[in-house]
Amino acid sequence: MFVEDLVKGFYDIISKNKILILVNYDVDAICAVKILQCILRFDNIVYVLVPVKTVTELKKAFEEQKVDVKYVVLINCGGTLDIIEILEPEENITFFVVDSHRPTDICNIYSSSQVRVLTPPEDEEKIPDFEDIFNENESSDDEDVDSVEPDDEEESDIVNVNSVEEQQNKRRRLDQSTLIKRRERRRWEENRKKLLFDYTQFSYYGRSAAMLMFDLAWKLHRESVDLLWWGIVGVTEQYILGKTERMRYLKEVELIAGHIGRICDSTIINDDEDNMSQSSMSKPSNTSTQLRIESEKDLLLALYRHWTIECSLRYSMFTAVSLKLWTIKGEKRLKQILAEMGLPLAESRQMYHSMDLGLRKQFYGMMEKISNTHNLLQMTYPSFMLHQGFKTRYQCADYVYSMVATLETNSRENSPTQCFYNTMDSLSRSKKEFLDQGIEKAKWILSNMFRHVQAALDMRQVILAGPFYYLIVQEGTLHSQHYSNPHCLTMLASFALRAQVASSRKIKATRLPLIASATLDSDQDTCLIVGIPPITESMPKSFFGKAFEQVSNKTNIEISLDYFDSSIAKMQTKDRPKFFDALTALLS
């Protein structure tokens, strides 16, 4: 069931007992749980926080922590699953689902009490009606059919008039009514199957979980600059990683701008209006009047304030694809752009904060001017900036890249759980070193990803298999172990698909999806599979989750759909060629 009032239907209920919070490994979920933590700590509510990456980990965590727990909060996990069937909880346990994955499982939506969905339904979801999915009259109809015959027989025994003929007529009538009911039942089941298939055939993302948690903080009058910034980071992650379309992001930006203005107005009495810039919308925090958020347009260049301009232009997916920087001609265009902007090579090859002050101030305007002449349309987008005193400014996209790199770091020193908590700590202003370390790791990941895509295109490793492209990251390739993480492999797949479409002369290429695969565990001989929808999709909806499921049902291949994103799967490496053949046959 959907919860209409976040305060009465959610917070007032969970604030009475110890709660268990299960969180998925993604930036939006981490921002959401960080906001929820602040709210819970304000009221001294006891909670247990457990990060989970797969459905198996979700089951394990619930079994270990369910003692003395009446309320469970699932953040970006569990919404697309039948929670009651998978976890088999006791009747007194209630689940609150805050999940941006879509579509939401139909059993969770129509659960009467145990499952409560906090994300409001949207018109585009097209949720089937209850009567079309669940038939309450089925059991009662069957009972009526069974109970009529013996009563009629008793009557006929009492009357004792032409008992044999009457019994035959009544049986005939009962047989006809049974046939009609069976026909109706079959028709209803066929319609139900079609409705469920139409509802679940595409997987996509809804509203950010972090912004939903900020709405809760706002309604409880506990909002602050920090909480709003974490909500902004969650929304930006969806846009930067291609989880949501531009129009949805622009709508969220409008709402966020209103929040910034409101927070500013609520504290303007305590601050000198003359000292505040008219262009910035900010609210001082409780500890420092120098902390503020500004809303402004920015460039789709990754980490350029913490990198060199040349590297940021070369390794950002948007500019690399638009200019085809993996080619010699593309490299010449990059030099031409720097020359047209009047940016000397010496300046473009040193850190942004070390550049000439005049060039830094003019850089945004120069990039905006040349964007039309060099096929860099939609180079700018509305963004947000966090200022703390006179220190380095951080754009919300900087946080996203840093957190993804910290979360997906594959090393022997840090376990996945430790990486999760390090990523969470990078949101705290007191632990800025985690953010800066993540930015350095992100720069390395982006540069390595560009080289990998360049090599894949040069060696023609992006292969057309009829209805889709596929790319296999071969084991033993330099730094291939980093693509055993879903986020990095998804970013690589998105980069490779756009680069392939830019390189191809076929119009059909824009309508084709891509599947990327990399080794997950060499000891167990398993690999990871990720599906990316075509670039022409106005809303990034993926059909691969349903396709993977159908291939698994029609073949003997064991495909593990254990991740919360259904377009990510795991299987044995030896079964991969057979899997691609079966998928080609299915989609052709």
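I note at the outset that the model is a predicted one.

**Entry on the strand pair.** I next examined strands β12 and β13, residues 469-473 and 514-521 respectively. Five bridges join these two strands, and I recorded their direction as parallel.

**Entry on the sheet.** I then traced the sheet to which the pair belongs. The sheet is open and has five strands, in the order β11-β12-β13-β14-β15. Which strands form the edges? I found β11, residues 463-464, and β15, residues 568-572, each of which pairs on one side only.

**Entry on the helices.** I looked for helices lying across the sheet strands. Helix α20, residues 486-503, lies across β12, β13, β14 (526-532) and β15. I noted an angle of about 50° between α20 and β14. Helix α22, residues 576-587, also lies across β12, β13, β14 and β15. For α22, I noted an angle of about 160° to β13.

**Entry on the whole chain.** I turned last to the totals. I counted 22 helices and 15 strands in the protein chain. Of its 588 residues, 52% are buried. The chain exposes about 28300 Å², and I recorded that carbon and sulfur atoms supply 48% of that area.

Note on methods: Residues numbered from 1 in each chain as written. Predicted model: local features only at pLDDT ≥ 70, side-chain atom pairs only at ≥ 80, totals over all residues. Heavy atoms only, no water. Helix = DSSP H or I, 4+ residues; strand = E, 2+ residues; numbered from the N terminus. Buried < 20%, exposed > 50% of the residue type's maximum accessible area, 1.4 Å probe, protein only. Areas by Shrake-Rupley, 256 points an atom, 1.4 Å probe, with all protein chains shown as cover. Pairing = 2+ DSSP bridges. Contact = heavy atoms within 4.5 Å. Axes fitted to C-alpha atoms, helices over the stretch in contact; angles between N-to-C directions.
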